[in-house]
Amino acid sequence: MNKPFLKAVPIIEKIEKAGHEAYFVGGAVRDFLLGKEIDDVDIATSALPDEIQSIFPKTVDVGIEHGTVLIIYEHESYEVTTFRTESEYENYRKPKEVHFVRSLLEDLKRRDFTMNAIAMTKNGEIIDPFHGQDAIKNKIIKTVGLPEERFREDALRMMRAIRFVSQLDFQLDEKTYESICQNQHLLQHISVERILVEFEKLLQGKSRKKALKLIADSDLYQWLPGLKDKKASLYSISEMNIEDLNLEEMWAILMIVMEVSNIPPFLKMWRMPGKKIKKIQSICKAYEMRKKERWSKKTLYQTGLSIALMAEHIFSIFEQKDPTNELNKITFIYHSLPIKHRSELSVNGNDLIQWENKKSGPWVKQRLELIEEAVINGIVQNEKEQIRKWLYS
Ligand code: ATP
Ligand code: MG
């Protein structure tokens with residue numbers, strides 16, 4: 001077993017000492033069996049939330065009604081969740097109420113995919129009633145039980161299936177895929193917030209091209225905000241070299257290929273925070289600029305390095321070129337700019353008013369812009385006296 005698990009073994013021992021069962025479960029066990037790095041481990045237990053709270057002095061209530069208590073132990077936090085079933089699903093969504101049960105098997109049964117329904121004891125023994133290890137070995141994503149039933153219980157699982165394809169480069173089990181195609185319309189009952197979490201994980205996975213194609217093939221795309229008539233765009237994106245793009249670049253390329261003319265209202269439908277929307281919009285604007293002309297000192301100064309790099313990266317994908325050289329060049333030019341911001345200019349409006357002995361007015365701004373451009377282009381040094389001479393001689 002590796003470190004994150006070993007560090008959490010005392011937690012399981014304490015729960016066992018109090019007379020309950022506890023196991024490692026979920027994504028961490030799956031990723032461990034896949035030989036991947038693990039950051040947080042989840043623990044499932046037969047103990048009820050208040051029993052957990054009485055065993056551990058330091059806990060945070062993160063979702064007691066769902067049976068989850070956060071334990072703070074040796075500067076790490078662990079989610080400990082009581083075995084539960086989610087038997088009564090309403091309107092294809094996760095239920096508001098859960099039922100606590102005392103059996104691990106019941107808990108594993110309510111989990112989404114066989115690879116996610118594996119438990120591990122503190123000694124590293126695997127409990128795998130649904131053959132999740134076979135699924136991992138064969139790289140298959142398969143629902144626990146009948147896909148039909150499981151997607152009707154919680155339609156988000158269809159998005160989860162495809163985001164795991166993207167992250168793990170697995171295949172969908174045939175029946176699971178067929179069922180997604182048949183039940184895609186159920187996704188309309190799921191909140192945008194939950195869909196966004198899965199979609200953004202999908203956008204960042206190593207097999208994002210395959211996943212985006214599946215989103216189109218399965219017709220799930222119709223229920224993603226604003227994507228109803230964007231099937232063709234999804235297919236085009238799924239054929240581009242998008243694997244190295246970060247999340248914001250991915251959103252930007254979606255906006256560009258889907259020809260979204262007014263980006264903020266579109267991304268507001270996804271309930272995205274305003275700051276992120278602005279950034280994605282800036283990348284798209286910078287890309288449009290880059291399409292017209294190469295980067296100059298002035299356009300780099302105006303755009304800022306980080307946005308310019310992202311726009312260039314996207315440009316290189318459309319051009320089917322390796323971006324490395326151009327990205328290095330841009331970085332070099334940017335770092336050699338004498339100033340990075342108006343506030344670094346060594347003269348201000350007051351200097352100009354004094355020098356010219358004139359009243360303030362629109363001329364000040366114009367004059368400052370002139371100086372700014374000259375400084376950026378190295379025509380005059382960013383030094384007060386030099387600027388004065390350059391202006392008046
Ligand atoms: P990641 O590494 O991305 O966190 P994960 O498998 O841990 O992947 P989570 O969303 O953190 O995914 O969920 C933890 C576990 O809870 C899953 O492994 C699965 O067993 C279960 N689970 C999560 N969401 C659902 C769902 N909608 N239906 C059934 N089981 C679920
Ligand atoms: Mg997780």
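A residue here is buried if its relative accessible area is under 20%, exposed if that area is over 50%, and partly exposed in between (1.4 Å probe, protein chains only). Everything below comes from a predicted model, where local features need pLDDT of at least 70 and side-chain atom pairs count only at pLDDT 80 or more, while totals for chains, interfaces and linings use all residues. Residues are numbered from 1 along each chain as its sequence is written, chains are lettered from A and ligands numbered from 1 in the order in which they are written, and side-chain values use heavy atoms, with hydrogens and water left out.

View 1. Thr81 sits in strand E5 (residues 76-82); helices (H or I, at least four residues) and strands (E, at least two) are DSSP runs, numbered from the N terminus. With a relative accessible area of 13%, Thr81 counts as buried. Its side chain makes a polar contact with the side chain of Thr68, at 3.1 Å. A polar contact is a pair of N or O atoms within 3.5 Å; within protein, one must be able to donate a hydrogen and the other to accept it, and residues adjacent in sequence count only if both atoms are side-chain atoms.

View 2. Two strands pair if DSSP finds at least two bridges between them. E3 and strand E4 (residues 68-73) run antiparallel and are joined by 4 bridges. Look for Val60 here: it stands opposite Leu70 in E4.

**View 3. Phe113 against Phe164.** Rings of Phe, Tyr and Trp (its six-membered ring) pair if their centres lie within 6.5 Å; planes under 30 degrees apart count as stacked, over 60 as edge-to-face and the rest as tilted. That rule gives 10 aromatic pairs. One of them joins Phe113 and Phe164, whose centres are 6.1 Å apart and whose planes meet at 80 degrees, so the pair is edge-to-face. Phe113 comes from the loop between helix H4 (104-109) and strand E8 (119-120) and Phe164 from helix H7 (residues 156-168), so the pair ties together parts that are 51 residues apart in sequence. Both Phe113 and Phe164 are buried.

**View 4. Phe199 with Trp270.** This aromatic pair is stacked, at 5.0 Å centre to centre with 25 degrees between the planes. Phe199 belongs to helix H9 (residues 192-204) and Trp270 to the loop between helix H13 (263-268) and helix H14 (274-292), so to speak a link between distant parts of the chain, 71 residues apart. Phe199 is buried, at 0% relative accessibility, and Trp270 is buried at 0% too.

**View 5. An aromatic cluster, and charges over rings.** Phe5, Phe24 and Phe32 make up one aromatic cluster. Elsewhere, the charged end of Arg290 sits over the ring of Phe315, 4.0 Å from its centre. The charged end of Lys340 likewise sits over the ring of Tyr334, 5.5 Å from the ring centre. The rule for both: NZ of Lys or CZ of Arg is within 6 Å of the ring centre and within 35 degrees of the ring normal.

**View 6. Around ligand 1.** Which residues are closest to ligand 1? Among the 13 that surround it, the closest are Arg30, Asp154, Arg157, Arg160 and Arg163; a residue is near a molecule if one of its heavy atoms lies within 4 Å of it. A polar side-chain atom of Arg157 is 2.7 Å from a nitrogen atom of the ligand, and one of Arg160 is 2.9 Å from an oxygen atom. Asn116 uses its backbone: a polar atom there is 3.0 Å from an oxygen atom of ligand 1. The protein covers 76% of the 590 Å² of accessible area that ligand 1 has on its own, with areas from the Shrake-Rupley method and a 1.4 Å probe; for residues, only the protein chains shown count as cover.

**View 7. Two loop residues with positive phi.** Lys139, not a glycine, has phi near 55 degrees. You'll find Lys139 in the loop between helix H5 (132-138) and strand E10 (140-141), partly exposed at 42% relative accessibility. Gln320 isn't a glycine either, and its phi is positive at about 55 degrees. Gln320 lies in the loop between helix H16 (305-319) and helix H17 (324-335) and is exposed, with a relative accessible area of 71%.
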